[in-house]
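Q: I have a structure to go through. Can you walk me through it in plain terms?

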Amino acid sequence: MSQHPSLHVGGKIRKVRNVMKRYERINVLTADGRIPEGKVLGLPKTKNTEI
């Protein structure tokens with residue numbers, strides 16, 4: 001059985017997600033230097049990302 005064409009995800013399609021996973025937010029914020037290493041509560045907001 002094959003997959004319907006509307007469900008197929010192409011390699012060139014990029015999408016903006018409104019919500020990031022917690023570990024993604026922590027990675028972005030630590031890379032920007034916006035939070036200390038040990039802080040995990042009360043994270044600031046981040047911008048939407050393309051994946």
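**Confidence and layout**

A: pLDDT is the predictor's confidence in each residue, from 0 to 100. Helices (H or I, at least four residues) and strands (E, at least two) are DSSP runs, numbered from the N terminus. This is a predicted model, where local features need pLDDT of at least 70, side-chain atom pairs count only at pLDDT 80 or more, and totals for chains, interfaces and linings use all residues. Residues are numbered from 1 along each chain as its sequence is written, and side-chain values use heavy atoms, with hydrogens and water left out.

Q: What is the mean pLDDT of the protein?
A: The mean is 78, and 80% of the residues reach 70 or more.

Q: How many helices and strands are there?
A: The protein has one helix and two strands, in the order β-α-β along the sequence.

Q: New topic. What share of the residues counts as buried?
A: Of the 51 residues, 8% count as buried. Buried means under 20% relative accessible area, exposed over 50%, and partly exposed in between (1.4 Å probe, protein chains only).

Q: Where is Ile26?
A: Ile26 sits in helix H1, which covers residues 22-32.

Q: Why does Ile26 count as partly exposed?
A: Because its relative accessibility is 22%.

Q: Which residues does Ile26 contact, leaving aside neighbours within four places in sequence?
A: Ile26 is in contact with Ile35 and Leu43. Contact means heavy atoms within 4.5 Å.

Q: And how far apart are Ile26 and Glu37?
A: They are eleven residues apart in sequence and 9.4 Å apart in space, C-alpha to C-alpha.
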